Amino acid sequence: LAKTTQPISMDSYEGQEVNITCSHNNIATNDYITWYQQFPSQGPRFIIQGYKTKVTNEVASLFIPADRKSSTLSLPRVSLSDTAVYYCLVGAGFYNTDKLIFGTGTRLQVFP
Amino acid sequence: GAVVSQHPSWVICKSGTSVKIECRSLDFQATTMFWYRQFPKQSLMLMATSNEGSKATYEQGVEKDKFLINHASLTLSTLTVTSAHPEDSSFYICSASRAQSSYEQYFGPGTRLTVT
């Protein structure tokens, strides 16, 4: 399973766009990139998953360059409620029965 | 849809006793369930993978005799912490995969265990 590296923490203000980058230099051909969000004392919540190029849903966008050695989660116009820990996972694969290995995550703090 | 519940949400027990935590998929059948442990300010650590009707697969370093996992049906998995000690105090989270569905795993709200 490919290891991931993320910034430990980030600060932002309401209304700003936040980009969290994750490095995964050893990503394998079959690996997908998945992002989860976790609030204190709650279970993680799926945000987005992608394999290459760009993926967008109602919550976020995921940018993946051609070499796939990194990825960027983009949160448009964050609000206070986006304060959480964001985890980048690689190697979870396409199948939901694959085990997930969580890295350190990025603690995002949004200020008013 | 795709809701996973855990019971209890928090529990306090005395050292040496056993505690059972339930994980239920409320509106779907879960072929596979996972159990995680999370210490304060740390990431989730996968403990084991359980498939309905078969023995759980434990991650390296996790004592299978201490953390008993039973996946008796497609909607219920249980984790029993046997002979609990204060160092077992943690946040335990389960997740479930919906059969014949997408790649997403659905997480429960977690159970806070405190051993005194």
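## Starting at a buried pair

Select B:Tyr36 and B:Phe107 to begin: both are buried (under 20% relative accessible area with a 1.4 Å probe, protein chains only; exposed is over 50%, and partly exposed is in between). Before you go on, note that this is a predicted model, where local features need pLDDT of at least 70, side-chain atom pairs count only at pLDDT 80 or more, and totals for chains, interfaces and linings use all residues. Residues count from 1 along each chain as its sequence is written, chains are lettered from A and ligands numbered from 1 in the order in which they are written, and side-chain values use heavy atoms, leaving out hydrogens and water.

Now look at the two rings. The centres of B:Tyr36 and B:Phe107 are 5.6 Å apart and the planes sit at 40°, so this pair is tilted. Here rings of Phe, Tyr and Trp (its six-membered ring) pair if their centres lie within 6.5 Å, with planes under 30 degrees apart counted as stacked, over 60 as edge-to-face and the rest as tilted. B:Tyr36 is in strand E4 (residues 30-38) of chain B and B:Phe107 in strand E10 (residues 105-107), 71 residues apart. Strands are DSSP runs of at least two residues, numbered from the N terminus.

## Across the interface

Next, show chain A against chain B. The contact (heavy atoms within 4.5 Å) takes 21 residues from chain A and 25 from chain B. About 1700 Å² is buried between the chains, 53% of it on carbon and sulfur atoms; that area is the accessible area (1.4 Å probe) the two parts lose on being put together, summed over both. On the chain B side, E4, strand E5 (44-51), strand E9 (90-98) and E10 each supply at least two of the residues that touch chain A. E4(B) gives the most, with 5 residues.

## Out to chain A

How many aromatic pairs are there over all chains? The count is 11. One to select is A:Tyr13 with A:Phe111: the ring centres are 6.0 Å apart and the planes at 45°, so the pair is tilted. A:Tyr13 belongs to strand E1 (residues 9-13) and A:Phe111 to strand E9 (residues 106-111) of chain A, 98 residues apart. A:Tyr13 is partly exposed at 49% relative accessible area, and A:Phe111 is partly exposed at 33%.

How values were computed. Helix = DSSP H or I, 4+ residues; strand = E, 2+ residues; numbered from the N terminus.
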